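Visitor: Hi! Could you walk me through this one?
Guide: Happy to. Here it is.

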Amino acid sequence: MIKTLFFDFDGVLTTDPSGSATTLRALAEQSGLDEQVLWAAIEPFNRDLILGHTTHARIWPDVCARLGAEIPFEHLTTAFLQTPIHQPVLALARELRAEFAIGMITDNKSDRMDVIVRQHRLDEVFDPIVVSAEVGHSKRGAAIFREALRRAGAEARTSLFIDNTLRNLYGAAAIGMKTLLFDGTTEGAAELRSALQLIFTSD
C-alpha cells in the first residue's frame, strides 16, 4: 500500500523540462545573448552545481569571462523566479496530502531551489524537499532516494517516485520504490491523477 509520494520538480511540477531551460530562456531575454551561447558558458559548471561542489555566486565571474560580457548576478535570481510552476499538478499534490505523505526529490542547485521554495511556499506542501546539491548525490544513483526515505521516515516498498525522465526512475526502483513516468510539459493533472489511481487500485 502506497503511503508516501515523492515528486520530481522540473518537468513534473513545472511546465519546462529542466531548470536549465528555464534559466537560459530568462537570461537570454534579459541579456540579449543567445541561449546556446549562454549554455556553452554555464554547462562546464553544471554538474558541480547540481552536486553542490560549487555555487552560482562562485562561478559567476568565470561565466561572465567566458561570455565576454558582464551579466548582473541579480539577473540569475530573476531567472529563477520565472520558473513556470505547473499549478494544477501542484494543486493535486496539495490535495493528496490529505491521504499521503508528500515529498520532493530533485537534481537541482540549492540557491535556485531556495528562491523557488520561498516564492511558492513549497515547503508547506512537500516535506522533505531533498535537493541533490544539498546531499551531494543525483538521481542517477540510489543514495538520494535512500536519504529521502530516511528524512520522510518512509519505507521503499510503500513509496512512489514520480519523474519526467525514465533514467531517473532506475535508482528509486533499484531499492524497491514504485515509480511513475509523468511528463508535465505535455500532460496535466488529470492524466497524473488517472495514472496514480491505476497504481493505487492495483497495489
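Visitor: What covers the buried residues of α8?
Guide: The cover includes β1, β2, β3 (129-131), α7, β4 (159-163) and α9 (170-174). Helices (H or I, at least four residues) and strands (E, at least two) are DSSP runs, numbered from the N terminus. This is a predicted model, where local features need pLDDT of at least 70 and side-chain atom pairs count only at pLDDT 80 or more, while totals for chains, interfaces and linings use all residues. Residues are numbered from 1 along each chain as its sequence is written, and side-chain values use heavy atoms, with hydrogens and water left out.

Visitor: And which residues of α8 are buried?
Guide: They are Ile 144, Phe 145, Glu 147, Ala 148 and Leu 149. Buried means under 20% relative accessible area, exposed over 50%, and partly exposed in between (1.4 Å probe, protein chains only). Just after α8, Gly 153 takes a positive phi of about 65°.

Visitor: Let's switch to α5. Which of its residues are buried?
Guide: In helix α5 (residues 87-96), they are Val 89, Leu 90, Leu 92, Ala 93 and Leu 96. Seen down the axis of α5, these fall within an arc of 155°, so they line one face of the helix. The arc is that of the directions from the helix axis to the C-beta atoms.

Visitor: Why would residues a few places apart point the same way?
Guide: An α-helix has 3.6 residues a turn, so residues three or four places apart do that.

Visitor: What covers that buried set in α5?
Guide: Its cover includes β1 (4-7), β2 (101-106) and α10 (189-202). Covering is a matter of contact, meaning heavy atoms within 4.5 Å.

Visitor: New topic: at what angle do α2 and α3 cross?
Guide: The axes of α2 (residues 35-50) and α3 (residues 56-67) cross at roughly 150° and come within 9 Å. That makes α2 roughly antiparallel to α3. Axes are lines fitted to C-alpha atoms, for helices over the stretch in contact, and angles run from 0 to 180 degrees between N-to-C directions. Angles under 35 degrees count as roughly parallel, over 145 as roughly antiparallel, 65 to 115 as roughly perpendicular and the rest as oblique.

Visitor: What kinds of residues make that contact?
Guide: Between α2 and α3 there are twelve nonpolar, one polar and two charged residues. Ala, Val, Leu, Ile, Met, Phe, Trp, Tyr, Cys and Pro count as nonpolar, Asp, Glu, Lys and Arg as charged, and the others, Gly among them, as polar.

Visitor: How do α1 and α2 meet, at what angle?
Guide: Helix α1 (residues 19-31) and α2 have axes that come within 10 Å and cross at roughly 130°. That makes α1 oblique to α2. The contact is made by Ser 20, Leu 24, Arg 25, Leu 27, Ala 28 and Ser 31 of α1 and Glu 35, Leu 38, Trp 39, Ile 42 and Asn 46 of α2.

Visitor: Is Thr 22 buried or exposed?
Guide: Thr 22, found in helix α1, counts as buried at 1% relative accessibility. Beyond its neighbours within four places in sequence, Thr 22 is in contact with Asp 16, Ala 79, Gln 82, Thr 83, Pro 84 and Arg 112.

Visitor: And Arg 140, buried or exposed?
Guide: Arg 140 is exposed, with a relative accessible area of 54%. You'll find Arg 140 in the loop between α7 (132-135) and α8 (143-152).
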